[in-house]
Amino acid sequence: MKKVLVVFDGAHFPTTTLDFALKLNEESPILLTGIFLPSVDYAEAMSYYYYGTAVAPLYMDEYEDDVVAIKNNIDEFEDFCRSHHIRYRVHKDIKKKVVKELQSETRYADLLILSSTHFYENLGEMTQEEYLTDTLHKAECPVLLLPADATMPRSVILAYDGSASSMHAIKQFIYLMPQFTDMETLVMYAGDEAEDVPFADLIKEYAAHHFNKLGYYKLTADPKKYFMTWIENKGASLLVSGSFGRSLFSELFHKNFLRDVIKEQKVPIFIAHL
Amino acid sequence: MKRILVVLDQEKWNKDAVDFGCYLAKLSKSRVTGIFLQHFNEDNFVETIKHRENNHNRSDKQTATQPLEALSVKRFREACICRDTSFSIPQNCMATKEELIEETRFADLVVIDPALSLKHEIEPSPTKVVKDIMQHAHCPVLLAPESFNEISEVIFTYDGSQSSVYAIKQFNYLFPQFINSKITVLEVNPSGTKEIIEEQKLMEWMNTHYAHVNYAVPSGNPVDKLIKYLLPRHKAIVIMGAYGRSFFSNLIRSSAAGPIAGTVINPIFITHF
């Protein structure tokens with residue numbers, strides 16, 4: 001059984017992520033741990049002020065609303081889990097800064113499911129992007145990033161560029177989501193048309209050990225321009241990617257592109273990095 | 001099916017690594033892939049040639065008449081057949097240390113004899129080349145024991161670090177067959193406290209994956225306590241995060257500490273973040 005985290009930030013109830021977790025549970029039972037965070041990162045805000053008490057009154061109203069919202073979310077989460085027979089845990093009374101807390105939680109978890117659209121959307125686009133990037137950078141377990149209307153994938157795309165990072169992501173995906181290894185799987189290499197696929201024989205051998213329905217594809221068009229369009233046309237698929245390393249795909253998720261990626265995200269993305 | 005690399009000495013037969021590699025492969029319904037580490041490299045070119053010249057008149061007629069590589073491959077093939085284990089021998093099965101490390105990107109586990117050496121003088125275990133592989137491999141490394149009957153106990157060494165928890169997770173993902181074994185989380189805390197670091201989160205994860213878990217927090221000198229704990233447990237496999245900023249990584253690295261890998265006889269599963 002795997003320990004899967006789902007994040008509740010303040011008043012937001014992540015229906016999409018819970019529905020996805022439910023489908024995972026139907027494939028193979030999970031322990032679903034709800035992390036109940038405040039809608040405002042009070043600990044982060046206080047840290048900007050040496051005399052922390054000066055800022056406390058500014059957040060008093062939000063804090064009191066949060067207490068009620070969090071309690072309601074916990075009740076709704078517990079009802080959801082009980083009605084669908086999912087084993088669950090509740091982690092609440094979070095005092096640390098949001099990203100630091102998530103980092104600590106992910107060390108002792110197998111998977112974190114996040115909504116790229118809704119995670120801290122109440123803080124505005126710029127701050128949301130910052131929180132999402134930081135969380136993805138610091139997470140100590142793989143993250144499954146879901147778009148707003150995530151559907152259960154029927155195929156898998158493994159982003160491969162020969163790097164240790166991309167292979168690490170592929171391995172973690174195999175270990176954590178073995179039920180997906182029976183689906184149609186495409187090993188996708190994005191690089192210069194003139195270049196050979198790096199370690200072609202080795203990736204073929206490794207992939208053949210673990211996946212039953214394999215194909216290989218070299219994306220030769222300008223990946224930054226056409227990648228999201230190409231992947232949307234593949235239908236209900238799941239993308240597996242190492243990220244934040246020195247890889248072509250890391251450029252797609254580099255800060256400069258992240259806003260576009262979040263806006264354009266159409267498929268769930270499984271991200272694991274070293 | 002896991003891809004398990006068994007690393008062998010091109011010149012000297014490593015029965016222990018083959019035995020343990022085959023055991024794990026059968027347990028996980030996997031195949032072992034034989035990789036033979038080449039002795040020859042630019043650094044030891046002269047030394048290698050002199051050593052081969054000095055051993056030219058060995059009585060082993062098979063070695064004298066057959067190329068060394070072919071003999072190694074034949075031995076590996078026969079050993080796997082005798083142990084009823086699926087195996088593969090890639091076309092480019094002879095590898096330098098650097099090539100092996102590259103190949104670990106595409107493997108789930110490396111099994112190696114900690115005494116495997118590329119030097120001609122006797123080295124303490126783990127040898128330099130084995131330490132290099134442990135440090136740079138892109139998958140977990142399993143140091144094969146000298147002998148074993150079965151593995152019925154798993155000891156996770158833990159110090160709260162990212163590396164030690166990562167090692168625990170990777171072992172669980174690779175070998176779910178051990179979920180009903182005797183499981184112990186051994187925290188050797190240099191500060192001597194009896195508290196388990198992040199106890200609630202750790203226990204929540206452990207209880208999700210294992211039916212019964214014991215926790216041990218021996219106090220006193222960490223090296224002594226760790227070795228003393230492991231020595232009587234002959235049927236245990238030890239899991240360590242290493243080469244991160246963790247206490248246990250210092251035990252492997254520091255020759256002054258008498259590395260665990262050179263002292264205890266248990267198989268040791270090492271990986272790092």
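Across all chains, this predicted model holds 16 salt bridges. One of them lies within chain B, where the side chains of Glu103(B) and Arg3(B) meet with an N to O distance of 2.8 Å. This pair links distant parts of the chain, with Glu103(B) in helix 5 (residues 97–103) of chain B and Arg3(B) in strand 1 (residues 3–9) of chain B, 100 residues apart. Between chain A and chain B the count is 2 salt bridges. Among them is the pairing of the side chains of Lys3(A) and Glu204(B), at 3.0 Å from N to O. Side chains of opposite charge can pair when their charged atoms come close.

**The interface of chains A and B**

Contact between the chains involves 37 residues of chain A and 35 residues of chain B. The area buried between chain A and chain B is about 3,000 Å², and carbon and sulfur atoms give 54% of that area. On the side of chain A, Tyr108(A), Tyr175(A) and His209(A) supply 25% of the area that this chain buries against chain B, more than any other three residues.

Polar contacts also cross the interface: 25 residue pairs of chain A and chain B are found in polar contact, with both residues at pLDDT 80 or more. Several elements of chain A give two or more residues to the side that touches chain B. The strands are strand 1 (2–9), strand 2 (30–37) and strand 3 (87–91) of chain A, and the helices are helix 4 (98–107), helix 6 (164–176) and helix 7 (200–210) of chain A. Helix 6 of chain A provides the largest share, 7 residues. By class, the residues on the side of chain A that touches chain B divide into 15 nonpolar, 11 polar and 11 charged.

**Helix packing within each chain**

| Helix pair | Angle between axes | Axis distance |
|---|---|---|
| Helix 6 and helix 7 of chain A | about 10 degrees | 11 Å |
| Helix 7 and helix 8 of chain B | roughly 10 degrees | within 12 Å |

In chain A, angles under 35 degrees count as roughly parallel, and helix 6 and helix 7 of chain A are therefore roughly parallel to each other. From helix 6 of chain A, Met167(A), Ile170(A), Lys171(A), Ile174(A) and Tyr175(A) meet Ile203(A), Tyr206(A) and His210(A) of helix 7 of chain A. This contact has 6 nonpolar, 1 polar and 1 charged residues.

In chain B, helix 7 (residues 162–174) and helix 8 (residues 199–209) cross at roughly 10 degrees, which makes helix 7 of chain B roughly parallel to helix 8 of chain B. Ile168(B), Lys169(B) and Asn172(B) of helix 7 of chain B make the contact with Trp205(B), Met206(B) and His209(B) of helix 8 of chain B. The classes here are 3 nonpolar, 2 polar and 1 charged residues.

**Backbone features in loops**

Most residues other than glycine have a negative phi, and most peptide bonds are trans. In chain A, Phe199(A) has a positive phi, near 50 degrees, and lies in the loop between strand 7 (184–190) and helix 7 of chain A. In chain B, a cis peptide bond joins Ser125(B) and Pro126(B), with omega about -5 degrees. Pro126(B) lies in the loop between strand 5 (109–112) and helix 6 (128–136) of chain B.

Key. Residues are numbered from 1 along each chain as its sequence is written. Chains are lettered from A and ligands numbered from 1 in the order in which they are written. This is a predicted model: local features need pLDDT of at least 70, side-chain atom pairs count only at pLDDT 80 or more; totals for chains, interfaces and linings use all residues. Side-chain values use heavy atoms; hydrogens and water are left out. Contact means heavy atoms within 4.5 Å. Buried area is the accessible area (1.4 Å probe) that two parts lose on being put together, summed over both. A salt bridge is a side-chain nitrogen of Lys or Arg within 4 Å of a carboxyl oxygen of Asp or Glu. A polar contact is a pair of N or O atoms within 3.5 Å; within protein, one must be able to donate a hydrogen and the other to accept it, and residues adjacent in sequence count only if both atoms are side-chain atoms. Helices (H or I, at least four residues) and strands (E, at least two) are DSSP runs, numbered from the N terminus. Ala, Val, Leu, Ile, Met, Phe, Trp, Tyr, Cys and Pro count as nonpolar, Asp, Glu, Lys and Arg as charged, and the others, Gly among them, as polar. Axes are lines fitted to C-alpha atoms, for helices over the stretch in contact, and angles run from 0 to 180 degrees between N-to-C directions. Angles under 35 degrees count as roughly parallel, over 145 as roughly antiparallel, 65 to 115 as roughly perpendicular and the rest as oblique.
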